[in-house]
Amino acid sequence: MATTLERENQGDSDYVLSKSLGGGPLGLGDPDDRSLRKAEREILIPAKMKEKAKRLKCASEVKDFGECAKQQGLMMPFMCRPKAKALEECLKAAYSDPAFINLCTEEFLDERSHYRKTGIKAKEKKKDAAL
């Protein structure tokens, strides 16, 4: 017959994630948890920042560089350097802006919280809204 401690330890091994990462209404994690894992801090949030910066903050530079690249073809690396430099500086400015970093981080945390509550990812939510 198993003791209480053995049963408690046995129950912990039934989960893939630790109790701090699991749980919540759907077993996807606590929706109210605002802490960030290393992968979220170093990979997911910077990817969101890059996508948002290109779309919102540096849209004209991205457009100018794209048009230059289409026109120049194989000569693009040489002929489009000024436009590439302008795009790079715009992106660097966006990445170093604390308000922009906080905006992207809060947006990521809100999307993650929604996913943990409903099981619906942000991309699926946007797709459903478009229909």
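## A buried charged pair

Arg112 and Glu40 are both buried (under 20% relative accessible area, with exposed over 50% and partly exposed in between; 1.4 Å probe, protein chains only). The model is predicted: local features need pLDDT of at least 70, side-chain atom pairs count only at pLDDT 80 or more, and totals for chains, interfaces and linings use all residues. Residues are numbered from 1 along each chain as its sequence is written, and side-chain values use heavy atoms, leaving out hydrogens and water.

Arg112 and Glu40 form a salt bridge, with their closest N and O atoms 2.9 Å apart. A salt bridge here is a side-chain nitrogen of Lys or Arg within 4 Å of a carboxyl oxygen of Asp or Glu. Arg112 lies in helix α6 and Glu40 in helix α2, so the pair ties together parts 72 residues apart in sequence. Helices are DSSP runs (H or I, at least four residues), as are strands (E, at least two), numbered from the N terminus.

## Other salt bridges

Glu107 pairs with Lys52 in a salt bridge, at 3.0 Å between the closest N and O atoms. Glu107 belongs to helix α6 and Lys52 to helix α2, so this link spans 55 residues in sequence. Lys52 is buried, at 8% relative accessible area. Glu107 is partly exposed, at 25%. Shared partners join Lys48, Lys52, Glu107 and Glu111 into one salt-bridge network.

The count of salt bridges is 11. Among them is the bridge between Arg116 and Asp33 (3.9 Å, N to O). Arg116 sits in helix α6, and Asp33 in the loop between α1 (4–12) and α2, so parts 83 residues apart in sequence are tied together. Arg116 is buried, with 7% relative accessibility. Asp33 is partly exposed, with a relative accessible area of 22%.

## The nonpolar core

The largest nonpolar core holds 12 residues. A nonpolar core is a set of buried Ala, Val, Leu, Ile, Met, Phe, Trp, Tyr and Cys residues joined through side-chain atoms within 4.5 Å. Its members are Ile45, Met49, Ala53, Cys58, Leu87, Cys90, Leu91, Ala94, Phe100, Cys104, Phe108 and Leu109. In soluble globular proteins, nonpolar side chains tend to be buried together.

Cys90 is one of the core residues. Setting aside neighbours within four places in sequence, Cys90 is in contact (heavy atoms within 4.5 Å) with Lys57, Cys58 and Glu61.
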